[in-house]
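Please read each point against the display.

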Amino acid sequence: MARRQRYQRVLLPGEKEGRRDFLRKGLVGGLLLAAGGGVFLATRRTRAASGLGPLQILSPEEATVVLAVANRLVPERVGFPRPLDVGVPGKVDALLAGLHPGAQKEFRRLVNLFEGAVAGFLFEGQARQFTACSPWEQEDRLRGWAQSRVTLRRSGFRALKKLVYAAYYGSPQTWPAIGYPGPPIAPAPVAPERPPAEASEEAPPKPVRAAQQAKAAEPGPRPAEVRPRPTPPGARGAEPAEAASPPARPGPRVPEPSRQAEAPPAAGALEAPPAPRPVEPYPAQRSGVPAPAEEAKP
Amino acid sequence: MTDKPQAPGRIVAGPELRRDVEERPDVCVVGSGAGGAVVAAHLAQKGLKVVVLEEGGRFGRADFRMDEATAYPRLYMEKGTRATADQAITVLQGRAVGGSTVVNWTTSYRLPDRVLAHWAAAHGVEGLPPAALAPHFAAVEERLHVHEQPLAEVNPNNRVLWDGAQKLGLERALIRRNVRGCANLGYCGLGCPIDAKASMDLTYLPDAVRAGARIYANARAARIERSGKRAAAVVATVLDPASDRPTGRKITVRPRVLVLSAGAVGTPELLLRNEMNPNGRVGLRTFLHPVTASLALFRERIEGWRGAPQSVGSHAFAEPGPGKVGFFLEAAPLHPMLSAAAAPGIAGEHQELMSRLPNANALIALAIDGFLPEEAGGTVSLRSDGRVRIDYPIRPQVWEALREGAKVLARIQLAAGAEAVYSLHEDPVVMRSAAEVALLDRAPWLPARVGLFSAHAMGGCAMGGDPKRSVVDSRLKMHHYENVWVVDGSVFPTSLGVNPQETIFALARWAADHVAQGAG
């Protein structure tokens with residue numbers, strides 16, 4: 001533990017890094033790069049967790065490291081689902097799948113560096129893989145990366161942290177634990193990989209296309225629900241004297257947007273291009289939205 | 001195989017293109033955001049034939065589900081993961097038909113006159129006095145329904161800034177927003193589900209389409225073919241909206257005039273890819289308005305996910321005097337993913353903060369970078385694997401602005417009644433009284449040690465009078481090419497000191513006349 005103190009020391013403003021710090025940073029940074037240089041060996045002894053689900057980019061071992069990080073970033077606490085239960089490794093993997101191959105490689109290299117015993121020994125004096133460490137050792141190691149004096153480690157840590165926390169708290173199952181009610185309009189299920197809406201707004205969906213869409217969607221599109229929002233007790237500005245404060249009223253009710261996205265255009269759509277249809281910025285149905293000023297306080 | 005050009009005046013999505021397309025318009029605009037949409041509309045209305053290439057997809061309000069997990073990958077650059085190379089600054093940029101205006105928080109400011117004066121004095125920008133831009137500001141404000149958010153519709157998150165600044169005797173003002181019929185849902189950053197935001201996809205792009213412009217969505221401009229000092233053609237790769245991978249189709253546009261409006265990262269990126277960098281200045285002078293945030297916990301509920309994201313701002317510290325970097329103050333919304341990625345600490349302390357999300361308030365300080373003579377800003381470059389790379393070395397004066405900004409924010413939050421204020425350091429500074437704000441002076445203000453953000457990428461193709469030191473001239477034409485203009489936030493030779501979207505709108509409207517002359 002005496003060894004760890006060094007890395008936790010706070011750099012004061014204006015304080016110059018000593019020459020030895022610079023040497024160590026350069027040396028260790030170089031070693032790190034060498035250790036991670038395109039070789040994904042650090043996870044070769046990692047025991048893959050079960051229940052990770054299908055993966056596109058990460059190996060099961062790498063996903064296991066991501067899961068282990070998530071388990072420490074979100075410790076067990078009543079009301080908070082476990083990261084595996086909300087599919088954190090799969091969600092991180094799915095996001096990576098949409099990134100440039102170079103970014104995917106960089107992230108996998110980072111995961112291997114993080115897991116690796118060599119980096120663990122160099123920085124924390126723990127010659128063990130991250131996944132083989134005890135929970136408190138793992139937390140120490142995470143803090144070692146987060147607060148390191150080596151920029152490379154801090155940068156790597158931030159990339160891990162952002163992706164893992166985004167995957168976890170982007171999951172609706174976690175929202176009750178943090179008191180987030182979800183969007184004011186409950187989204188209707190959307191068919192995945194749906195192409196963007198076409199230019200036309202006025203045209204109603206053609207029956208054939210609507211049927212195709214219904215088939216594609218699972219369990220099938222249903223109208224969005226408007227969730228009434230009760231006024232939370234003790235909302236800021238709820239006292240009568242502050243009539244100007246908005247939160248004392250229920251959340252705005254919003255009608256379901258009536259425009260349905262169209263299914264992909266049928267083959268050969270280009271051979272008979274539709275007539276130019278200018279997009280109407282503010283269609284008539286917009287009047288259905290109550291202006292906030294009209295909402296009476298209860 | 002090349003298809004015949006289609007009937008004019010529509011938005012064409014990538015999957016519709018089953019053959020390669022060739023277009024011969026007067027003007028090709030690359031990018032459909034704040035710059036591209038306005039310039040395309042005005043050129044089309046002048047009777048010019050305009051083709052717009054947009055790499056993002058076309059989305060409508062039915063696509064905007066107010067769900068972060070689907071919105072960020074769909075509507076943001078690099079699926080929402082864009083950051084400086086050292087991960088120190090998260091860079092948020094939109095990617096859609098309408099560009100960042102689709103996900104913009106609707107904050108609308110005019111460019112302060114002193115910025116134009118500085119551009120004239122320090123960068124040799126000529127013929128751009130405040131009076132030249134004023135009518136264009138007025139026109140875009142009318143078209144985009146820019147108006148002040150009523151105090152009655154300031155949400156509790158912004159109310160902290162309003163109340164706290166008043167208690168400290170600091171200037172603060174209501175923010176003007178480009179909305180009509182706004183229901184204050186609070187999800188501007190994920191696309192407006194009720195079409196209340198006057199974003200480009202609902203305003204200037206339909207104007208352009210009505211005037212005959214053709215807009216290709218899912219069309220990523222890749223190659224610029226040149227003949228001598230002229231851009232002869234732009235070749236765009238058609239992307240499949242689901243996978244974002246090339247479909248194999250391509251669009252070749254042979255315009256008389258090329259307008260680059262791909263943004264402060266995208267425009268330098270495209271020029272660098274095509275080795276159109278004769279004086280080595282492309283991708284330099286990138287400015288970000290680097291942002292630090294201050295997180296406060298209140299006894300009352302704030303519900304920072306609800307209500308207009310930004311409705312109060314303060315420019316009390318925008319002009320700090322010589323040798324210093326100023327900053328301005330605003331609020332930031334608190335949705336779960338954004339909050340979790342930004343919240344300080346890990347494990348138990350992060351979890352505890354998240355469990356208090358309904359009571360959390362977030363205020364931000366934005367450093368006004370680029371005005372000191374020694375400030376070179378950041379750079380946009382290309383990596384060996386083909387990805388774009390953003391570097392931003394944070395100068396001591398910018399760190400000082402961020403630190404002083406964080407101190408002011410903490411004082412404001414405490415004055416407004418916060419029980420505790422947290423910095424965004426990995427080991428957060430926790431302040432429970434004004435006396436403890438000084439703790440921020442001893443915190444480690446280092447890259448990737450404290451959370452920093454930017455939603456205001458600017459510069460990279462600086463305008464200026466000197467062809468050796470700038471990329472475009474005072475009419476936004478590239479110094480070294482006869483028929484290439486840059487009309488977006490990349491032409492700013494400094495940051496602005498205000499949220500940039502409205503300045504880009506107005507500048508694009510002003511520039512349209514110059515581009516039209518070049519095409520005429």
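1. In chain B of this predicted model, helix α5 (residues 156–167) of chain B and helix α10 (residues 396–415) of chain B have axes that come within 7 Å and that cross at roughly 95°. An angle from 65 to 115 degrees counts as roughly perpendicular, and α5(B) and α10(B) are therefore described as roughly perpendicular to each other. On the side of α5(B), the contact is made by Val160(B), Leu161(B), Gly164(B), Ala165(B) and Lys167(B), while α10(B) contributes Ile412(B), Gln413(B) and Ala415(B). Sorted by class, the contact of α5(B) with α10(B) comprises five nonpolar, two polar and one charged residues.

2. A crossing of this kind can also be followed in chain A, where the axes of helix α3 (residues 60–73) of chain A and helix α7 (residues 135–146) of chain A come within 10 Å and cross at roughly 90°. The pair α3(A) and α7(A) is therefore roughly perpendicular as well. Ala68(A), Val69(A), Arg72(A) and Leu73(A) of α3(A) make this contact with Pro135(A), Gln138(A), Glu139(A) and Leu142(A) of α7(A). The residues of the contact of α3(A) with α7(A) divide into five nonpolar, one polar and two charged.

3. Helix α7(A) also packs against helix α8 (residues 151–169) of chain A, at an angle of about 115° and with the two axes 7 Å apart. From α7(A), the residues Leu142(A), Gly144(A), Trp145(A) and Ala146(A) meet Arg153(A), Arg154(A) and Phe157(A) in α8(A). The classes represented in the contact of α7(A) with α8(A) are four nonpolar, one polar and two charged residues.

4. Turning to the sheets, six strands of chain B form an open sheet in the order β2-β11-β5-β4-β15-β27, and the pairing is parallel. Its edge strands are β2 (10–12) and β27 (484–486) of chain B, each of which pairs on one side only. From one strand to the next, the twist averages 20°. Helix α11 (residues 501–519) of chain B packs on this sheet, where it touches β4, β15 (257–260) and β27 of chain B, and the direction of the helix makes about 155° with that of β15(B).

5. Within that sheet, which residue of β5(B) is the bridge partner of Val27(B)? Strand β4 (residues 27–30) of chain B and strand β5 (residues 50–53) of chain B run parallel and are joined by four bridges, and the partner of Val27(B) in β5(B) is Val50(B).

6. Strand β14 (residues 246–253) of chain B pairs in the parallel sense with strand β3 (residues 20–23) of chain B over three bridges, with Glu22(B) standing opposite Thr252(B) in β14(B). Strand β14(B) also pairs with strand β13 (residues 230–239) of chain B, in this case in the antiparallel sense and over five bridges, and here Ala236(B) stands opposite Ile251(B). β13(B) and β14(B) form a hairpin with six residues between them, and Asp244(B) in the turn has a positive phi of about 65°.

7. Another open sheet in chain B has three strands in the order β7-β10-β8, with antiparallel pairing. Strands β7 (107–108) and β8 (146–148) of chain B stand at the edges with a single partner strand each, so one side of each is left without a neighbour in the sheet. β8(B) and strand β10 (residues 176–178) of chain B run antiparallel and are joined by three bridges, and the bridge partner of Glu148(B) in β10(B) is Arg176(B).

Terms used:
Residues are numbered from 1 along each chain as its sequence is written. Chains are lettered from A and ligands numbered from 1 in the order in which they are written. This is a predicted model: local features need pLDDT of at least 70, side-chain atom pairs count only at pLDDT 80 or more; totals for chains, interfaces and linings use all residues. Side-chain values use heavy atoms; hydrogens and water are left out. Two strands pair if DSSP finds at least two bridges between them. Helices (H or I, at least four residues) and strands (E, at least two) are DSSP runs, numbered from the N terminus. Axes are lines fitted to C-alpha atoms, for helices over the stretch in contact, and angles run from 0 to 180 degrees between N-to-C directions. Contact means heavy atoms within 4.5 Å. Angles under 35 degrees count as roughly parallel, over 145 as roughly antiparallel, 65 to 115 as roughly perpendicular and the rest as oblique. Ala, Val, Leu, Ile, Met, Phe, Trp, Tyr, Cys and Pro count as nonpolar, Asp, Glu, Lys and Arg as charged, and the others, Gly among them, as polar.
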